[in-house]
Number of protein chains: 2
Amino acid sequence: MKDNRITENLILQLQEVVGSDYVITGKERTEAYLYDEVEKTYRPEAATDCVVVKPASTEEVSGILKAADQAAAPVVVRGGATGLAGGCTPVVDSIIISTERLNHIVEIDQENMVAVLEAGVTLMDLLEELEKYEGLSFPVHPGDEGAQMGGMAVTNAGGARAVRHGVMRKHILGLTAVLPNGEILELGGKLIKNNAGYNLTQLLLGSEGTLAVVTRVILKIFPKEKASATIVAPFEKIEDACHAVTDILRSGYTPLAVEYMDKRLFVDTAKMLGLKWQAEQGNADLLIILSERTEQQLYDAVRAINEICEKNGAYPCLYAGKQKEEEELLLVRSQHYELIKDEICDSFDMAVPVSYVSQFILGLKELVAEYGTGTNIIAHIADGNVHNDILFLPDGTIPPYADELKHKMYDLCYSFDGTVTGEHGIGKIRVEELAQQKDPAELALMKGIKDVFDPKGIMNPGALFDL
Amino acid sequence: MKDNRITENLILQLQEVVGSDYVITGKERTEAYLYDEVEKTYRPEAATDCVVVKPASTEEVSGILKAADQAAAPVVVRGGATGLAGGCTPVVDSIIISTERLNHIVEIDQENMVAVLEAGVTLMDLLEELEKYEGLSFPVHPGDEGAQMGGMAVTNAGGARAVRHGVMRKHILGLTAVLPNGEILELGGKLIKNNAGYNLTQLLLGSEGTLAVVTRVILKIFPKEKASATIVAPFEKIEDACHAVTDILRSGYTPLAVEYMDKRLFVDTAKMLGLKWQAEQGNADLLIILSERTEQQLYDAVRAINEICEKNGAYPCLYAGKQKEEEELLLVRSQHYELIKDEICDSFDMAVPVSYVSQFILGLKELVAEYGTGTNIIAHIADGNVHNDILFLPDGTIPPYADELKHKMYDLCYSFDGTVTGEHGIGKIRVEELAQQKDPAELALMKGIKDVFDPKGIMNPGALFDL
C-alpha cells in the first residue's frame, strides 16, 4: 500500500460526511495527531500525509468508513492517545478518526447498573459523572484518566486495580461498532447473560482497532466501596513478598491492588516529591490497596493481610487510613516515572503466572547485570504483570546490546509461560514478538478473522500483523 | 451432506487412533449417545448411523479430527449431555466424540488459584476434589453437577450463582483446543493479564462445538466463603420484588443468587417433598442466597437486604441460617421440575435487562392468558434470565397455537431488548431465532469466523447455523 490513498477526492467526501470544520489536513495541523506515549526511541514512525476527521456520531463514522472502503484508504482511530504500543500511530498515510467529539455520556442507568458511553468519553469524564450519583464507581484504572472508553475497550485496558476487579473485558456488556464497509453493529446489550451466538463483543475487546471502529460501549458500573486503606508491607526479600501475595490471594481478602516497585523507586520518588518514604527497613515493599464496604470489613481485611505478611517475614507494616496519608503513598507510586523517564530506552509489559513472578523479576535483574546495566521494576505484582525497562547508556545513547537483551528478556518470560504483553497490547511495536509467542496455527486463525472483518486490510495497518 | 460419511474405512482409522475398545458402532449401542435433556417434543431428531469414539488424550482427539477432516465427516462432541438445546445431538450421521475418558484433574494450583482440568471432568468431580483442599471452591453452577468442564466452557454455562460471580466466561484463563484439521492450540495460560492478539479463548467460549474441540481448560478457582444463609422475601407484587432486586444490586451487598419462582411452584413443590413452604403471605417470593467471608459480614448483608426488602413492601422475611433449613429451601428450588415436567411442551431461556424483568414476566403471563393457558416462571431474576414454558393441552397434546405463542413470547423479549437465550445457548433448537435476533451483518461475521476455523463445515453441523 505504497501509493497515498488520501486523495483530494476522498477528503472532499470526508468533508461532506462530518462538515469541513472537522476535517484537518496539512502536515503542520495533523502532526499533533500522530503519536501516543511510547518511548520515542522505539515508537513506530508515523506517516505524515494523513487527514484527521472528527465525527460526532456513529452514523458519521459509518460515512467515513464507507468512503474509506471505496478508496481502500487506511483508517486509524485515535482516542485519548494514552497507549504505550503505537496503536494509534498511522504507519501508512491514513484517515485518522479522532473520537474527541464522540464524548457524550449517553446514560447512567442505576437500575441495570450500566453506563452507556460514547467512545470518546474519558475515564475522567466517567468518574466525574459517577461522583454525581451517590456511591457509584467504575474500577478499571489504567493510570491515565485521559484514556477514552473506546480505546480502553479495544485495548482491553488493565492497570493496578485488576486484582479485585479484573480488566475491561469483564465489564463490557455491549458495543456499537462500525465495520470497515460502514455497516453498523449493535453487539450485546444491558444483559448480564446472553448466549446467542459467538461473542463478537469479546472478540473486539483487545482487537486494537484492526477489526472495526467502536463508537459506543455499554459498561457495568459498581456500588462504591466506602472504606479504604493502604498498607505498606516491607520485606527483606522479594521471594517472601511474593509468597505473601499468593497467600493473600488464597485468603479471599482480595485487595483492590498490590503494587511493587524497586525500593529505590519508592524512596527516591518520595524524596523528589519532598516527602519521606516511611518504610525504612527491607528491600522489597508491597503497596497493598484495600477497599471494602464497611469499616469493620476493612479492619478484618487489614488484620488478615497483616498476619499473612508477618507470617512471611515482613517487617512491621505501615498503615495509611487517613485520606492524606493514602494520597501521599499513591502519589509516590504514580510519580516514579518522572524520576526515571530520562533513563528509559525501551520499556516492557510482560506478564507471568503469579507463582513465578519473584523468579522472573530476579531473573531480569540477573540478566541486565550480565550486561553491566540495570532495570527498573514496577509491577502489578498480584497480576503477575511486570513493567521493566532497558536503560540508555550513561551518555544517553541506545546500548548496542539493546536488541539482544530484549530478546533474552522475552525468552525468560516465555520460560515462565508468560506473555509479551499483559495490558499494553501488541500495537505496532510487538508484532514480531506476537509472531514468536503464538503458534502458526493460532496466528493463521487471527489473520483469517482479520480478513473476515476487514477484507481490504484498511483497519489500522501494521497493528498486530506485519504490513 | 446427505451421504453417510461414516464409512467402514473411517471406522478402522478411528480404531487405530483410540483402540477398538473405544469405538462403538451399531444403532443399538450408540443410541445412548444421541440426546441431551431438551424436551422430547422439540428436540432435534438424531441421525442414527453414528460412530462413538472415546479418546483419552488431546493427541487422540487430534487423530480423530485428522481422520474426520480427510473424510469430511461430521463431528459432534458429547460431554455430560446435560445441555438443553440439542447441542450434542448429531443431526447428520457423525463421529460422536464422547469425552468421558478425558476425565483427569491435571492440577489444582493453589499458588495461582487455578485448576487445570481435562474436558470430561464433571462439575461434581471438581467440587469433590476442591473439598480436599482447605477452603477452595468454584462458583459457577448450572444446576446439574454431571455437566463437564469442556461443555460448560463451550456453552459458556451460567446458572443461579452468576449474580455475584458471573458465568464461565469470566473464569476461564486458557484452553487446549483441537481444530477440525487436527492442529492443537494452546490458548491463554495461567495468566491474569494477557493482551497478546485476539482472544481466541473468549471466542471459543460459547461457540457450542462449532469451531474446535476443547480438551482442557484452565479455570480460576476461589477461596471458599465460610458464612452462608438463605432469605425468603415474600412480596405481594412482582414489581415490588423486582424493585427490591435492583436496590439490592445497587447496594453492593451482592448475593450469590436471587431466585424467583411462581408462588405455587414453591408451595406445591414443598408439599410434594413432604415439606411446608413457610412463607404464607404474598404472591411473589424471592429466594436470596448469601455467602460471605465471615459471620459478621453475613450479618451485615442480611440486615442490609432485609431493610431493602422491607422498604419495597415485603412481608417479614424468613431467614435460614442453619444448614438443614437452607438445604430444604434449596431442595424446593431445585425440585420444582419434578412437579411440572409432565405438563411442559416447550421451555425457554430468555433474558432481558434486569430493570425490565417484572414487566417481561407480567407480559408473558398476559400473553398466555390470551390463549387460555398458563406458563410456569422460574427466573434467575437478578440476571434478568427467565425460564418459562408452553404447556401441553390437558389431553397431553401439543397446542395448535404453540408456534404462534412462542413467536409472540420472543417478540415480547425483543421489545425489552432481550435475548432468546441467556444461558442454554442456541444449539439446534434456536437456529431460526438466532437469525431473527441478529443483524445480517453480525450473522455474516459469525459465518465467516466459522469458515475460518472449519472450512469443511464438519464441526457440529446444524448448531448455530442452518444445515
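At what angle do the axes of helix α8 (residues 238–251) of chain A and helix α10 (residues 295–311) of chain A cross? In this predicted model, the two axes cross at roughly 145° and come within 9 Å. Two packed helices are described by the angle between their axes and the distance between the axes. The crossing of α8(A) and α10(A) is right-handed. On the α8(A) side the contact involves A:Ala244, A:Asp247, A:Ile248 and A:Ser251, and on the α10(A) side A:Ile305, A:Ile308, A:Cys309 and A:Lys311. Five residues of this contact are nonpolar, one is polar and two are charged.

Further along chain A, A:Arg333 lies in helix α11 (residues 323–340). The relative accessibility of A:Arg333 is 13%, so this residue counts as buried, the limit being under 20%. Beyond its neighbours within four places in sequence, A:Arg333 is in contact with A:Glu259, A:Met261, A:Leu287, A:Ile378 and A:His380.

A:Val431 belongs to helix α14 (residues 431–437) of chain A. With a relative accessibility of 9%, A:Val431 also falls under the 20% limit and therefore counts as buried. When residues up to four places away in sequence are not counted, A:Val431 touches A:Ile426, A:Gly462, A:Leu464, A:Phe465 and A:Asp466. A:Leu467 is 36 residues from A:Val431 along the chain, and the C-alpha atoms of these two residues are separated by 9.9 Å.

In chain B, helix α9 (residues 263–272) contains the buried residues B:Lys263, B:Leu265, B:Phe266, B:Thr269 and B:Ala270. An α-helix has 3.6 residues a turn, so residues three or four places apart point the same way. Just after α9(B), B:Gly274 takes a positive phi of about 75°. One of the buried residues of α9(B), B:Ala270, is 58 residues from B:Glu328 in sequence and 8.6 Å from it in space, C-alpha to C-alpha. B:Glu328 is placed in helix α11 of chain B. The relative accessibility of B:Glu328 is 30%, so this residue counts as partly exposed.

Backbone geometry was also examined at two loop positions. Most residues other than glycine have a negative phi, and most peptide bonds are trans. A:Glu208 is not a glycine, yet has a positive phi of about 55°. This residue is found in the loop between α7 (200–204) and β10 (213–220) of chain A. A:Glu208 counts as buried because its relative accessibility is 9%. In chain B, phi of B:Met113 is likewise positive, near 55°. B:Met113 sits in the loop between β5 (105–109) and β6 (114–118) of chain B. At 3% relative accessibility, B:Met113 counts as buried.

Empty space in the model was considered next. Rolling a probe the size of a water molecule over the atoms shows where empty space is left. The second largest pocket holds about 650 Å³ of space. Of the 30 residues that line the second largest pocket, A:Asp417, B:Glu186, B:Leu187, B:Gly188 and B:Gly189 are the closest to its centre. In chain B, α3 (58–71), β5, β6, β8 (172–178), β9 (184–188) and β10 (213–220) each supply at least two residues of this lining. β9(B) gives the most, with four residues. By class, the lining of the second largest pocket comprises 12 nonpolar, eight polar and 10 charged residues.

The count of cavities of 30 Å³ or more comes to one. The largest cavity has a volume of about 70 Å³. Its lining consists of A:Val38, A:Glu39, A:Tyr42, A:Leu84, A:Asp346, A:Ser347, A:Phe348, A:His424, A:Ile429 and A:Arg430. By class, the lining of the largest cavity divides into five nonpolar, two polar and three charged residues.

Methods. Residues are numbered from 1 along each chain as its sequence is written. Chains are lettered from A and ligands numbered from 1 in the order in which they are written. This is a predicted model: local features need pLDDT of at least 70, side-chain atom pairs count only at pLDDT 80 or more; totals for chains, interfaces and linings use all residues. Side-chain values use heavy atoms; hydrogens and water are left out. Buried means under 20% relative accessible area, exposed over 50%, partly exposed in between (1.4 Å probe, protein chains only). On a 1 Å grid over the protein atoms alone, a cavity is a set of points where a 1.4 Å probe fits but cannot get out, and a pocket is an open set with protein on both sides within 12 Å along at least five of seven lines; lining residues have an atom within 4 Å of a point. Grid points are joined across faces, edges and corners, and a volume is the space filled by probe spheres set on the points. Ala, Val, Leu, Ile, Met, Phe, Trp, Tyr, Cys and Pro count as nonpolar, Asp, Glu, Lys and Arg as charged, and the others, Gly among them, as polar. Axes are lines fitted to C-alpha atoms, for helices over the stretch in contact, and angles run from 0 to 180 degrees between N-to-C directions. A crossing is left-handed if the near helix is turned anticlockwise from the far one by less than a right angle, and right-handed if clockwise. Contact means heavy atoms within 4.5 Å.
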